[in-house]
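Visitor: I would like to learn how to read side-chain features in a structure like this one. Could you walk me through it, please?

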Amino acid sequence: MKVRLAAELQSDSIVDGEGLRTVIWLQGCTHNCPGCHNPETHDLNGGFEVEIEEIYEKLDNLKFQKGITLSGGDPFMQPEAATEIAKYAKKIGLNVWCYTGFTYEAIVKNAKLKDLLENIDVLIDGPFILSEKSLSCKFRGSKNQRIIDVKKSLEENRVVDYYETIK
């Protein structure tokens, strides 16, 4: 299986989720949020393709990372490949965070997207809204975006804030 990336994997990130992480920048996004900090990732045909096994090899060689972060673009534009990457990361003991312009409520209603959702630990959802941009939002670009504990949300059939579960 191939996946379309926007950039090489970024190891050692501390701003794309908790702990030391590797970020996988997926190509393609139709949200086109005004003020997006990654507009070069929007073109569905941009970026470059790699075999998913190449990503697995890079994940296998990580040393101190706590997890991976799927970002982009929007990982939900490539749900099959993103799901396989998330499953592999979980298999080797990494947690999975994911950024999307979709809302949790829209994803959970879409069977094609829900498989990816079920393999994510923490979801940062919602479009970036320039008028709600805030540099004080931890791990988010705008105040409307939520940091969601996916497992708890699925169990409780409601959106559960990640920080409610770690107190």
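**Reading the side chains**

Guide: Gladly. In this predicted model, Glu49 and Arg4 form a salt bridge, with their closest N and O atoms 3.5 Å apart. Glu49 belongs to strand 4 and Arg4 to strand 1, so the bridge links distant parts of the chain, 45 residues apart. At 46% relative accessibility, Glu49 counts as partly exposed.

Visitor: What is the general idea behind such a pair, and how many salt bridges does the structure hold?

Guide: Side chains of opposite charge can pair when their charged atoms come close. The structure holds seven salt bridges. Among them is the one between Lys2 and Glu51, where the closest N and O atoms are 3.8 Å apart. Lys2 is in strand 1 and Glu51 in strand 4 (residues 48-51), 49 residues apart. Lys2 is partly exposed at 47% relative accessibility, and Glu51 is partly exposed at 31%.

Visitor: Where do Asp121 and Lys90 lie?

Guide: Asp121 is in the loop between helix 4 and strand 7, while Lys90 is in helix 2, 31 residues apart. Their side chains meet in a salt bridge of 2.7 Å, N to O. Asp121 is buried, with a relative accessible area of 16%, whereas Lys90 is partly exposed at 31%. Salt bridges that share partners also join Glu105, Asp125 and Arg146 into one network.

Visitor: Let us turn to aromatic rings. How many aromatic pairs does a search of the whole structure find?

Guide: A pair of aromatic rings is described by the distance of the centres and the angle of the planes. Searching the whole structure gives four aromatic pairs. For Tyr56 and Tyr88, the ring centres are 4.1 Å apart and the planes meet at 15°, so this pair is stacked. Tyr56 sits in helix 1 (residues 52-60) and Tyr88 in helix 2 (residues 79-91), so the pair ties together parts 32 residues apart in sequence. Tyr56 counts as buried at 16% relative accessibility, and Tyr88 counts as buried at 16%.

Visitor: Why is the pair of Trp97 and Phe139 called edge-to-face?

Guide: Their planes are at 75°, with the ring centres 5.4 Å apart, so the pair is edge-to-face; the cut-off for that label is an angle over 60 degrees. Trp97 lies in strand 6 (residues 95-99) and Phe139 in the loop between strand 7 (122-125) and strand 8 (146-149), so the pair ties together parts that are 42 residues apart in sequence. Trp97 is buried at 2% relative accessibility, and Phe139 is buried at 13%. Ring pairs link Trp97, Phe139, Tyr162 and Tyr163 into a cluster.

Visitor: And the nonpolar core: which residues touch the most other members?

Guide: In soluble globular proteins, nonpolar side chains tend to be buried together. Here the largest nonpolar core has 31 residues, and Ile24, Ile55, Leu59, Ile68, Leu70, Ile85 and Leu123 touch the most other members. Helix 2 gives the most to this core, with six residues. Leaving aside residues up to four places away in sequence, the contacts of Leu70 include Ile24, Pro75, Ile85, Trp97 and Leu116. A second, separate core of seven residues includes Trp97, Tyr99, Ile124 and Ile147.

Visitor: Is Thr83 buried or exposed?

Guide: Thr83, which lies in helix 2, counts as buried at 3% relative accessibility. Beyond residues up to four places away in sequence, Thr83 touches Asp115, Leu116 and Asn119.

Definitions and conventions: Residues are numbered from 1 along each chain as its sequence is written. This is a predicted model: local features need pLDDT of at least 70, side-chain atom pairs count only at pLDDT 80 or more; totals for chains, interfaces and linings use all residues. Side-chain values use heavy atoms; hydrogens and water are left out. Rings of Phe, Tyr and Trp (its six-membered ring) pair if their centres lie within 6.5 Å; planes under 30 degrees apart count as stacked, over 60 as edge-to-face and the rest as tilted. Helices (H or I, at least four residues) and strands (E, at least two) are DSSP runs, numbered from the N terminus. Buried means under 20% relative accessible area, exposed over 50%, partly exposed in between (1.4 Å probe, protein chains only). Contact means heavy atoms within 4.5 Å. A nonpolar core is a set of buried Ala, Val, Leu, Ile, Met, Phe, Trp, Tyr and Cys residues joined through side-chain atoms within 4.5 Å. A salt bridge is a side-chain nitrogen of Lys or Arg within 4 Å of a carboxyl oxygen of Asp or Glu.
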